[in-house]
Amino acid sequence: LEKSGAIDSLTSVLVGLYEESDRPLESTEYIKKFLGGVDASSSSSKHLGGSHNTNNSRNNSVLGQQQQQQQQENDKLKKENDELKSRVHELNKTIETLRANLKTARAEAKKARDQRGEGGGGN
């Protein structure tokens, strides 16, 4: 948390909230807004000063890296999913072929039994 700047960001937001003359009714919304960087132009943001902007830049950098990593992971999983779908399709084809072969083999076995029964008499 320290390396990513999260502790600094939380500290800045909480100090800003403490120093806010018009305290918001919803402190969690205030925190979410400034951690997310949604409203950088409000008077509340100005109370946080330059440290908020620095921390916000760090957070945006970290979030950008996380987003890039998640996108890479997502791409990797999509590729793996496509490969697995292809494998399932191949296996389903194999199953259908085996079923057809089994059906043919059963029919031939029945035919052979029937022929033995007709021609063999009573052994």
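**Helices, patches and salt bridges in a predicted model**

Author: Leu 10 is found in helix α1, residues 6–19, where a helix is a DSSP run of H or I of at least four residues, a strand is a run of E of at least two, and numbering starts from the N terminus. The model is predicted, so local features need pLDDT of at least 70 and side-chain atom pairs pLDDT 80 or more, whereas totals for chains, interfaces and linings use all residues. Residues are numbered from 1 along each chain as its sequence is written, and side-chain values use heavy atoms, without hydrogens and water.

Reader: What makes up the pattern of the protein along the sequence?

Author: The pattern reads α-α-α, with three helices and zero strands.

Reader: Why is Leu 10 called partly exposed?

Author: Its relative accessible area is 39%. Buried means under 20%, exposed over 50%, and partly exposed in between (1.4 Å probe, protein chains only); Leu 10, at 39%, therefore counts as partly exposed. Buried residues make up 14% of the 123 residues in the protein.

Reader: What makes Leu 10, Leu 14 and Leu 35 a nonpolar patch?

Author: A patch takes residues with over 30% relative accessible area and no salt bridge, joining nonpolar side chains (Val, Leu, Ile, Met, Phe, Trp, Tyr) within 5 Å and like charges within 9 Å. Leu 10, with 39%, is over the 30% limit. Together the three residues have about 230 Å² of accessible area, computed by the Shrake-Rupley method with a 1.4 Å probe, only the protein chains shown counting as cover.

Reader: Why is the patch of Glu 73, Glu 80, Asp 82 and Glu 83 called negative?

Author: Asp and Glu count as negative and Lys and Arg as positive, with His and the chain ends not counted; the four residues are Glu and Asp, so their patch is negative. Glu 73 lies in helix α3, residues 43–119, and its 39% relative accessibility makes it partly exposed.

Reader: How do you know that Glu 96 and Arg 99 meet in a salt bridge?

Author: Their N to O distance is 3.2 Å. A salt bridge requires a side-chain nitrogen of Lys or Arg within 4 Å of a carboxyl oxygen of Asp or Glu, so this pair qualifies. The two residues are three apart in helix α3, which means about one helical turn. Arg 99 is exposed at 53%, whereas Glu 96 is partly exposed at 48%.

Reader: How many salt bridges does a search of the whole structure find?

Author: The search finds three. Glu 90 and Arg 87 meet at 3.5 Å, and Asp 114 pairs with Lys 110 at 3.4 Å. Asp 114 and Lys 110 are four residues apart in helix α3, about one turn.

Technical notes: The place of a charge is taken as NZ of Lys, CZ of Arg, CG of Asp or CD of Glu.
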